[in-house]
Amino acid sequence: SDIRKQYGDKIKRRKDGKQYYIYIKRKQITSTTYEGLLDALFDYEYGFSNASIEDLYEKWLIWKRDTTSVTGKTLKEIHFLWNKFLVHEDIIKVPLCKLRAKDFVILFRKWTKDRALTRNTFCNIKSILNGIYAYAIENEIVENNPIKEINMRQLSYKPVKNDIKVFSLADRSIMLDY
């Protein structure tokens, strides 16, 4: 198999013979059998450990529904924001373990360029990404969330229009009398 060709010569066995192991990018992967280690390496290369934001989105929604007190309305809003802002972005197809803060800074600058989003909308989209990272951390897919490293104050947002006209006391009195 590909895994055997790629890693076969790098796999080592402990002196006591009880465990096979390999180091990949300073991370140790172990198993009590050679075949078990090959399975772990297969998962490392092609499985859950290389999951992208897109791969985890549905699983995260189910996890969020089952572990938090989220309403159906909130889930619909999340799905709307996902479809409007995230589904067409290339970043959601990249494995989480390969994403860095810089990748998100580029995306966030694209979104907030020309003050295209309000701060509230931006924060709602960012909370989806943070939620997926929280799920990934809890499931030991990644160890940290690179979004937390970004200073959001550097971004500019669309001003919220508050053109709310308040009725005067006289106007309210007239309406109440009516």
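Reader: Which residues in H3 meet which in H6?

Author: This is a predicted model, where local features need pLDDT of at least 70, side-chain atom pairs count only at pLDDT 80 or more, and totals for chains, interfaces and linings use all residues. Residues are numbered from 1 along each chain as its sequence is written, and side-chain values use heavy atoms, without hydrogens and water. Contact means heavy atoms within 4.5 Å. Helices (H or I, at least four residues) and strands (E, at least two) are DSSP runs, numbered from the N terminus. From H3 come Ile53, Leu56, Tyr57, Lys59, Trp60 and Trp63. They meet Ile128, Leu129, Gly131, Ile132, Tyr135, Ala136 and Glu138 in H6. The contact residues divide into ten nonpolar, one polar and two charged.

Reader: At what angle do H3 and H6 pack?

Author: Two packed helices are described by the angle between their axes and the distance between the axes. Here H3 (residues 53–67) and H6 (residues 119–138) pack at about 85°, with axes 9 Å apart. So H3 is roughly perpendicular to H6 (65 to 115 degrees).

Reader: Why is strand E2 largely enclosed by the rest of the structure?

Author: Buried means under 20% relative accessible area, with a 1.4 Å probe and protein chains only. E2 (residues 20–24) is largely enclosed because four of its five residues are buried.

Reader: How many bridges does E2 share with E3?

Author: Two strands pair if DSSP finds at least two bridges between them. E2 and E3 (residues 27–31) pair in the antiparallel sense over five bridges. Ile22 stands opposite Ile29 in E3. Their hairpin has two residues between the strands, and Lys25 in the turn has a positive phi of about 50°.

Methods
Axes fitted to C-alpha atoms, helices over the stretch in contact; angles between N-to-C directions. Parallel < 35°, antiparallel > 145°, perpendicular 65-115°, else oblique. Nonpolar A, V, L, I, M, F, W, Y, C, P; charged D, E, K, R; others polar. Buried < 20%, exposed > 50% of the residue type's maximum accessible area, 1.4 Å probe, protein only.
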